[in-house]
Amino acid sequence: MNGTFRLMDDAVFWPMILAVMRTEVAVALADPDAGPRDWACIHKNGELRTVSMSVTTIDDHQGMTAGYLITAEDITERVRTHEALEMALSAERRAVARLT
């Protein structure tokens with residue numbers, strides 16, 4: 001995870017999102033090929049969620065940066081599934097090691 005922020009209410013939520021966006025834009029400027037970054041977010045209901053965010057620059061007709069497109073995707077279930085598979089693989093390897 002690259003960052004964690006807490007979602008409490010709109011008054012707190014939007015400044016945090018803007019701060020994350022500024023970080024993402026800074027990363028995109030430093031390394032345009034950086035790709036998406038994952039952030040741990042605490043939903044306002046208290047649940048930990050994982051969000052993948054990426055930044056794409058938008059150029060004008062002269063090739064100058066006109067803005068940024070920031071996309072975010074909730075990948076919580078994908079991360080949980082991956083972790084469960086890793087744990088199952090580890091358990092299987094331990095079982096095989098005991099048999100040999």
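A salt bridge is defined here as a side-chain nitrogen of Lys or Arg within 4 Å of a carboxyl oxygen of Asp or Glu. The model is predicted, so local features need pLDDT of at least 70 and side-chain atom pairs count only at pLDDT 80 or more, while totals for chains, interfaces and linings use all residues. Residues are numbered from 1 along each chain as its sequence is written, and side-chain values use heavy atoms, with hydrogens and water left out.

The protein chain contains two helices and four strands, in the order β-α-β-β-β-α from the N terminus. Helices (H or I, at least four residues) and strands (E, at least two) are DSSP runs, numbered from the N terminus.

Five salt bridges are found in the whole structure. Three of them are listed below.

| Pair | Closest N to O separation |
|---|---|
| R80 and E47 | 3.4 Å |
| E77 and R80 | 3.2 Å |

E77 and R80 both lie in helix α2, three residues apart, about one turn of the helix. R49 belongs to strand β3 and D74 to strand β4 (residues 65-74), so this pair ties together parts 25 residues apart in sequence. E47, R49, D74, E77 and R80 are linked in a network of salt bridges.

Buried means under 20% relative accessible area, exposed over 50%, and partly exposed in between (1.4 Å probe, protein chains only). R49 is buried at 18%, whereas D74 is partly exposed at 43%. R80 is partly exposed at 36%, as are E47 at 31% and E77 at 47%.
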